[in-house]
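Here is a briefing on one structure. Please look at the sequence and the fold, then read the points below.

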Amino acid sequence: MRKLHSGFASVLFVLLGMGFCTCLSAQESPRTAKPEEPEIIPGEACPSSFDRLISSLESKESMVRVATAECLGALGDKRAVEPLVRARFAEEFPRYVQVYENALRAINDPHTADLLLAALKSPKTRRAAAWSLGRLQISSGVDPLLRLLDSNDIEDRRIAADSLGPMKDSRAVGPLCAALNGQDEVVRRYAADALGQVGDARAVDSLIAALLDSDDGVRWNAANSLGNLRDDRAVGPLARALGDDDENVQKAAADALGKIGDSRAAEALAAAAESGTRSVQWHSAAALAKIGGRQAEQTLTSGLKEGKLTVVAAAYPFFIRKGNSASIPVIVQALDEHGDWEMARGLMYCGNSRLEDAARDWAKRNKIEDIEPPEGPLLTWGSDK
């Protein structure tokens, strides 16, 4: 989700018309306050301003609601917990829900758990409550969600499987693995995804078996989760999944193999990079660039010589590290035809002036004003020489 505000100052700007800033002014300049006004304790909103903040959670303007929730989170007043939970359930735009959850997380009051657990009992608020319990990682919600996962109601099982992943609680591993054998493909999809989020290696065998599920969504999520777990037991099964009937499963398998980084996958990835669909070629080449080794170098170098721009764009980190000046025109062409923001950023800060100029031209054509340097170590031109 795109950041909604640039900070607390932006929130105060939105709330300027509500009188809240007047209260803050009084906190900062107590000498200007009238004698009959009550003392204002630093760090707390005056009562009238706090009440106006709470009422603005029901504003018809979504930006006012969002700014108010951010402000309440920053204030940390526990009186805001119940109104924020109500606002979370009433919010008509799902993309704003996380703002209320962030505010509740910042306030960090046990009453949040009580309210969400109570809401879990009602069919009207069950799904929303389960999602928030999961994303807020409220541990007291694990057992109730596990009971829902074992419910006779299919919708309850779906809700539980979808919400247990963000909990990242190992108590859910066994029940989620069992859910992979259920009849409902939606529950199996959610369970396969959740196991990757929990991150427990005990799920590897069950997820490997799920690569053969009859539903392509289950196979896709299983491949993604195996990549997140980064367990080398999955290398062989994921390499075979590169031949799956579904393109999305093939791409997920390639991505997962790239994350695991085991050279045993290089041969299968090389075959996919040469004969797969354009999208599969991209994902396979990107995985080879991460794995490295003789097979990866041979395949990617051949792709460069043959002018396979999809392969070159996907594997641009490999070519930057190699630092071969003869590759520069092809890299620039690959950026122009198949590149993205991430590739442009890598080229811009790699230390090669020609690639930096090409990246700036690409950003200008795509109306991107500024590309910040990546966090962590930079890709450096010729670092493998």
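Predicted model: local features only at pLDDT ≥ 70, side-chain atom pairs only at ≥ 80, totals over all residues.

Residues are numbered from 1 along each chain as its sequence is written, and side-chain values use heavy atoms, with hydrogens and water left out.

**Whole chain**
- The protein chain has 24 helices and zero strands. Helices (H or I, at least four residues) and strands (E, at least two) are DSSP runs, numbered from the N terminus.
- Of the 385 residues, 50% are buried. Buried means under 20% relative accessible area, exposed over 50%, and partly exposed in between (1.4 Å probe, protein chains only).
- Among contacts with a separation of 6 or more, 64% join residues 24 or more positions apart. Contact means heavy atoms within 4.5 Å.

**Largest pocket**
- The largest pocket holds about 530 Å³ of space. A pocket is an open set of points on a 1 Å grid over the protein atoms alone, where a 1.4 Å probe fits, with protein on both sides within 12 Å along at least five of seven lines. Grid points are joined across faces, edges and corners, and the volume is the space filled by probe spheres set on the points.
- Its lining counts 25 residues, and Lys290, Ala314, Tyr316, Pro317 and Glu342 lie nearest the centre. Lining residues have an atom within 4 Å of a point.
- By class, the lining has 14 nonpolar, three polar and eight charged residues. Ala, Val, Leu, Ile, Met, Phe, Trp, Tyr, Cys and Pro count as nonpolar, Asp, Glu, Lys and Arg as charged, and the others, Gly among them, as polar.
- H18 gives the largest share of the lining, six residues. At least two residues each come from H16, H18, helix H20 (309-314), helix H21 (316-322) and helix H23 (341-348).

**Helix H16 (247-260)**
- At 1.5 Å a residue, the 14 residues of H16 should span 20 Å, and the end C-alpha atoms are 20 Å apart, which agrees. The expected span is 1.5 Å times one less than the number of residues.
- H16 is largely enclosed by the rest of the structure, because 10 of its 14 residues are buried. Among them are Val249, Leu257 and Ile260.
- The cover over these buried residues includes helix H14 (216-229), helix H15 (235-241), helix H17 (266-275) and helix H18 (278-291).
- Asp246 caps the N-terminal end, with a side-chain oxygen 3.0 Å from the backbone nitrogen of Asn248. This is a polar contact: a pair of N or O atoms within 3.5 Å; within protein, one must be able to donate a hydrogen and the other to accept it, and residues adjacent in sequence count only if both atoms are side-chain atoms.
- Gly261 follows H16, with a positive phi near 75°.

**Helix H6 (97-107)**
- Buried residues of H6 include Tyr100, Glu101 and Leu104. The buried residues pack against H4, helix H5 (81-90), H7 and H8.

**Loop residues**
- Ser59 sits in the loop between helix H3 (47-56) and helix H4 (62-75). Its side chain reaches the backbone nitrogen of Glu61 at 3.0 Å.
- Thr125 is in the loop between helix H7 (111-119) and helix H8 (126-135). A polar atom of the Thr125 side chain lies 2.6 Å from the backbone oxygen of Ala119.
- Arg230 lies in the loop between H14 and H15. Arg230 is partly exposed, at 48% relative accessible area.
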